[in-house]
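Okay, everyone, thanks for coming. Have a look at the screen, and I'll walk you through a few spots.

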Amino acid sequence: MAIVLISQHPNSSKWIHLLKSFNKNLDLRIYPFDSDREEVDYALTWKPPLGALKNYPNLKAIASLRAGVDDLLKDPDLPKIPITRIIDPKVAQSMGYYLLGTIMNYFCHLTSYKERQEQKVWEQRPNIIADNLTVGIMGLGAIGKEVALKLNSIGLNVIGWAKSKKEISNINCFQGEKEFYSFLNQSNILICLLPLTKETKGILNKKTFQQLPKGAHIINVARGEHLEEDHLIEMLNNNHLSGATLDVFKQEPLDPSHPFWEHDKITITPHVSSLSNPNIVIPQVLKNYELLKQNKPLNNIISLEKGY
């Protein structure tokens, strides 16, 4: 039995080193330089090239090294075998800190003051009063729930929306398509934490933005494919939206010629809102490998029907 790592991660060598440090006897093969592919029964993936997995005839399970699996589900030749994802409690914590910082920046105009510092302009602006605003979170899975509770705990008014019914203490949860507009109508700050599926692709669009209160701020920390980019620029330019903070993009790294770079109402961060810790991820995937060898059920298997 052998494992193959199929990864386009910019620092794949670090993952290789850590995998071997956790288990020096691991039979680890590295795509595309591997041979004897019929010996491989377990694949570790990070944005694998389309069609790569079909070349392993005896593959029994696939482990995504990311929290999401949308990159895998794009593959038309994806083997019909169990797919697992990572559950990293530190990701929710990191996401909460990122979003809290982003919201505080919005409330206190910190980016604006930095620009005025560069211009040597002394100009005070009244802080935005949190009591008058509502934070709306799209997606109430493990990370969304944790973020909602964290933001609510510091006194922010938080509401949430999900495809299915959710119950979270002190959080007004909206459900499904029928309640989507009611949720949007109340959201002054809209945070996207949805999984990427056929239903959610492009959900951050003009129609959605028009349902938000005038002056709303968009924060996307989910996937770049959730956002219709031209629609965002249009709604920023006509002042219906006051700004956007974007941590994820359809193409990463973001092309230097992309209009987002120079838009004065858009803040860009390089996909840093929730970086998984390899020291948490690797024990999970190796635990599942041991379960696989023992023909036992794997942990954190995704639903192909739901897409997450």
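Let's start with strand 11, residues 241-246, and strand 12, which pair in the parallel sense over three bridges. Strands here are DSSP runs of E with at least two residues, helices are runs of H or I with at least four, and both are numbered from the N terminus. Two strands pair if DSSP finds at least two bridges between them. Within this pair, Ala-244 stands opposite Ile-266 in strand 12.

Quick note on where this comes from: it's a predicted model, where local features need pLDDT of at least 70 and side-chain atom pairs count only at pLDDT 80 or more, while totals for chains, interfaces and linings use all residues. Residues are numbered from 1 along each chain as its sequence is written, and side-chain values use heavy atoms, with hydrogens and water left out.

Next up, helix 8. Which of its residues are buried? They're Glu-229, Leu-232, Ile-233, Met-235 and Leu-236. Buried means under 20% relative accessible area, exposed means over 50%, and partly exposed is in between, using a 1.4 Å probe and protein chains only. Seen down the helix axis, the buried residues of helix 8 fall within an arc of 170°, so they line one face; the arc is that of the directions from the axis to the C-beta atoms. The face turned away from that buried side carries the exposed residues Asp-230 and Asn-237. What covers the buried ones includes helix 7, strand 10, strand 11 and strand 12. Just after helix 8, Asn-239 takes a positive phi of about 70°.

In the loop between strand 10 and helix 8 you'll find Arg-223. Is Arg-223 buried or exposed? Buried, with a relative accessible area of 14%. Among the residues Arg-223 touches are Arg-66, Asp-70 and His-271, not counting residues up to four places away in sequence. And Arg-66 has its charged end over the ring of Trp-46, 5.5 Å from its centre. For that, NZ of Lys or CZ of Arg must be within 6 Å of the ring centre and within 35 degrees of the ring normal.

Last, the aromatics. Rings of Phe, Tyr and Trp (its six-membered ring) pair if their centres lie within 6.5 Å; planes under 30 degrees apart count as stacked, over 60 as edge-to-face and the rest as tilted. The count comes to seven aromatic pairs. Phe-180 and Tyr-181 make a tilted one, 6.3 Å centre to centre with 35° between the planes. Phe-180 is buried at 8% relative accessible area, whereas Tyr-181 is partly exposed at 33%. Both belong to a cluster linked by ring pairs, along with Trp-161, Phe-174 and Phe-183.

Conventions:
Contact means heavy atoms within 4.5 Å.
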